[in-house]
2 protein chains.
Amino acid sequence: VTSTSSFHAIVPAGGAGTRLWPLSRTTRPKFLLDLDGSGRTMIQQTVDRLSPLASSIHVVTGQAHAEQVAAQVPEVDSVFREPSPRDSMPAIGLAAAVIHQRDPNATIGSFAADQVIPEYEPFAEAVTEAIEVAQGGQVVTIGISPTGPSSAFGYIDGADRLEQFPTARRVAHFVEKPDEATAASYLAAGTFSWNAGMFISRAGVLLDALAAFQPELHEGLTRIAASWDTPERDEVLEKLWPSLTKIAIDHAIAEPLSVQGGVAVVAGRFRWSDVGDFAALADLVGKGGDDAVRVEADRSFVVNNSEKLVSIVGIDDAVVVVTDDAILVTTRAAAQKVRKAPSAWADRGRFDVV
Amino acid sequence: VTSTSSFHAIVPAGGAGTRLWPLSRTTRPKFLLDLDGSGRTMIQQTVDRLSPLASSIHVVTGQAHAEQVAAQVPEVDSVFREPSPRDSMPAIGLAAAVIHQRDPNATIGSFAADQVIPEYEPFAEAVTEAIEVAQGGQVVTIGISPTGPSSAFGYIDGADRLEQFPTARRVAHFVEKPDEATAASYLAAGTFSWNAGMFISRAGVLLDALAAFQPELHEGLTRIAASWDTPERDEVLEKLWPSLTKIAIDHAIAEPLSVQGGVAVVAGRFRWSDVGDFAALADLVGKGGDDAVRVEADRSFVVNNSEKLVSIVGIDDAVVVVTDDAILVTTRAAAQKVRKAPSAWADRGRFDVV
């Protein structure tokens with residue numbers, strides 16, 4: 001794929017995944033876990049599938065996780081350490097600015113560190129098309145073909161086709177997570193896809209858009225990037241980072257740029273999961289707990305990392321997760337509320353388990 | 001209470017309590033457990049409340065549990081060891097025959113080892129009245145005043161009053177566990193009480209009834225009793241016990257005798273629980289798990305005998321029981337089905353946990 005010769009991948013690795021507690025912890029967030037039993041953690045899988053496509057890979061992560069990231073994916077070209085979480089735009093923007101400084105013709109793509117894509121080939125096809133579309137000056141996203149009317153994801157509404165490419169369309173607009181009825185109408189319409197937060201563009205295009213929509217943030221990132229390959233890096237970073245606007249790339253660039261017709265979407269025709277909660281994990285890996293006894297609980301999902309025997313009686317969609325220090329009992333239906341459990345433990349001062 | 005001077009208590013201690021698994025085990029059945037956190041096990045509580053009323057107390061239990069029984073209630077006068085379980089009539093009948101042989105005027109009462117009665121005084125009143133009624137030649141049961149339309153217990157239908165006693169009535173008939181609608185009609189009728197399996201009578205009356213209704217069983221028990229205080233006890237017991245009819249006292253005597261007008265019931269006006277399942281245990285001891293996190297699970301019941309933290313999200317009537325080797329997850333509504341869990345482990349050959 002000749003066009004990938006100057007393609008640089010940015011992997012923002014943030015978010016604790018508190019809906020997967022007690023598997024995920026503050027000190028061991030979702031992207032550092034092997035959730036699908038593949039033997040590779042989520043960030044390792046992310047890097048694995050980007051390596052054949054990108055000429056360099058850059059992870060952006062929090063200070064607390066940088067060492068574990070470096071240990072898990074030693075092959076990446078750099079690990080950017082965020083002094084504090086400022087959401088995805090400063091993270092991606094910093095890496096983009098540094099890459100652009102080193103290679104003004106670079107094309108970049110951002111891919112979250114905590115998503116599962118089991119099949120490589122259709123992913124590679126989508127990225128390759130996105131890189132080609134991006135040469136024309138668009139910011140390009142990969143829209144995941146929906147497998148159902150999910151209310152767990154934001155949606156991308158595709159408009160007219162860009163005929164010279166296999167699947168690309170102009171983006172009409174981005175929409176937030178819908179309710180179930182609205183999600184069903186999106187599915188019926190056929191033009192909507194799931195927003196997986198993948199954005200591909202020329203580095204200069206992204207930075208120009210940032211300058212237009214978030215000039216102060218652009219200014220701060222430009223100053224940090226200018227110091228990056230100098231002895232002043234740490235000093236400038238510590239001074240400016242806390243003042244950067246905390247904002248997601250969707251709100252900072254994708255949404256306002258789409259209104260101007262500057263965003264395209266290519267079709268991501270692959271299985272994809274953000275493993276957002278235990279219901280999603282169960283969909284991904286099956287019901288688990290081969291050694292559990294289930295009585296009128298056939299669909300129940302079990303993760304048991306202990307020697308204790310698990311028995312479930314009469315709760316069909318139960319979710320039971322056992323770690324060395326915690327037991328979570330919930331249902332697939334209540335899976336989105338799991339984040340309230342570590343929050344309650346934190347309220348009690350039990351920071352050792354959150 | 002002068003009439004208790006020759007009153008002898010028999011405590012059949014059998015039954016595994018598989019609906020309380022994994023708290024109860026084959027090797028550590030319900031009656032050996034301190035389920036209400038009182039500091040006394042159920043058999044200890046049973047002996048505690050009989051001690052002031054009875055001139056001797058005799059436990060009948062399985063070979064496997066005799067040592068633990070002797071260790072828990074060293075103050076009892078004897079522990080009869082059953083070579084194998086033959087249900088309650090042989091157990092009670094053997095003790096009755098031995099007691100009758102030693103004291104032909106004895107009055108006896110049988111009281112299961114696995115029931116909770118929090119208040120002593122009303123229990124003592126009922127037993128005292130039952131002993132007095134029994135002097136007239138009746139087999140007397142104590143009927144528990146229902147607190148609701150339970151379908152978990154057999155019922156006793158009381159007929160005409162025996163006017164010379166405070167609460168006694170002739171028993172019209174015994175009925176098996178009803179469905180919920182029938183239980184509601186019993187409660188509305190006002191003459192029904194719960195059958196707690198307490199039977200008080202003169203020993204000779206019980207043995208005469210046994211001779212009439214179960215002559216072979218009576219013959220076998222008489223021969224074992226004749227050998228009891230001789231060197232031949234073990235030999236005769238081992239030889240005859242396996243041939244004894246396996247039958248409950250309710251079917252062997254109480255039901256057929258009630259048809260002849262030979263059974264009376266006195267009112268048991270006390271709180272009572274057979275702690276039949278985790279829903280009953282929750283009713284008895286409250287929801288437990290003071291250290292658990294509950295999110296939309298306010299009524300959930302927790303027993304946690306481990307260091308692991310328990311969190312329940314979105315299952316209001318959840319039951320979570322954690323021991324050193326097992327975790328049970330169910331609901332109060334499904335509590336009666338819990339016995340299927342140890343059964344399933346046994347099917348898998350895991351006899352170490354049943």
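Which residues in α3(A) meet which residues in α9(A)? The close-ups below explore this and other contacts in a predicted model.

**View 1. Helix α3 of chain A packs against helix α9 of chain A.** Let's start with the opening question: on the α3(A) side we find Ser88(A), Met89(A) and Ile92(A), and they meet Ile249(A), Ala252(A) and Ile253(A) in α9(A). Sorted by class, this contact has five nonpolar residues, one polar residue and no charged ones. To place the two helices in the chain, α3(A) covers residues 88–102 and α9(A) covers residues 249–259. Their axes lie 7 Å apart, and the packing angle is about 75°. Angles of 65 to 115 degrees count as roughly perpendicular, so that is the description for α3(A) and α9(A).

**View 2. Helix α6 of chain A also crosses α9(A).** Here α6(A), residues 203–213, has an axis that comes within 10 Å of the α9(A) axis, and the two cross at roughly 95°. This pair is therefore roughly perpendicular as well. From α6(A) come Leu206(A), Ala209(A), Leu210(A) and Phe213(A). Their partners in α9(A) are Ile249(A), Ala252(A), Ile253(A), Pro256(A) and Leu257(A). What classes of residue make up this contact? Nine are nonpolar, with no polar and no charged residues.

View 3. Look for Lys308(A), Leu309(A) and Ile327(A), which supply 24% of the area that chain A buries against chain B, more than any other three residues.

**View 4. Salt bridges and polar contacts link chain A and chain B.** Four salt bridges are found across this interface. One pair to find is Lys340(B) and Glu296(A), which form a salt bridge with their closest N and O atoms 3.9 Å apart. There are also 24 residue pairs in polar contact across the interface.

Technical notes. Residues are numbered from 1 along each chain as its sequence is written. Chains are lettered from A and ligands numbered from 1 in the order in which they are written. This is a predicted model: local features need pLDDT of at least 70, side-chain atom pairs count only at pLDDT 80 or more; totals for chains, interfaces and linings use all residues. Side-chain values use heavy atoms; hydrogens and water are left out. Axes are lines fitted to C-alpha atoms, for helices over the stretch in contact, and angles run from 0 to 180 degrees between N-to-C directions. Helices (H or I, at least four residues) and strands (E, at least two) are DSSP runs, numbered from the N terminus. Angles under 35 degrees count as roughly parallel, over 145 as roughly antiparallel, 65 to 115 as roughly perpendicular and the rest as oblique. Contact means heavy atoms within 4.5 Å. Ala, Val, Leu, Ile, Met, Phe, Trp, Tyr, Cys and Pro count as nonpolar, Asp, Glu, Lys and Arg as charged, and the others, Gly among them, as polar. Buried area is the accessible area (1.4 Å probe) that two parts lose on being put together, summed over both. A salt bridge is a side-chain nitrogen of Lys or Arg within 4 Å of a carboxyl oxygen of Asp or Glu. A polar contact is a pair of N or O atoms within 3.5 Å; within protein, one must be able to donate a hydrogen and the other to accept it, and residues adjacent in sequence count only if both atoms are side-chain atoms.
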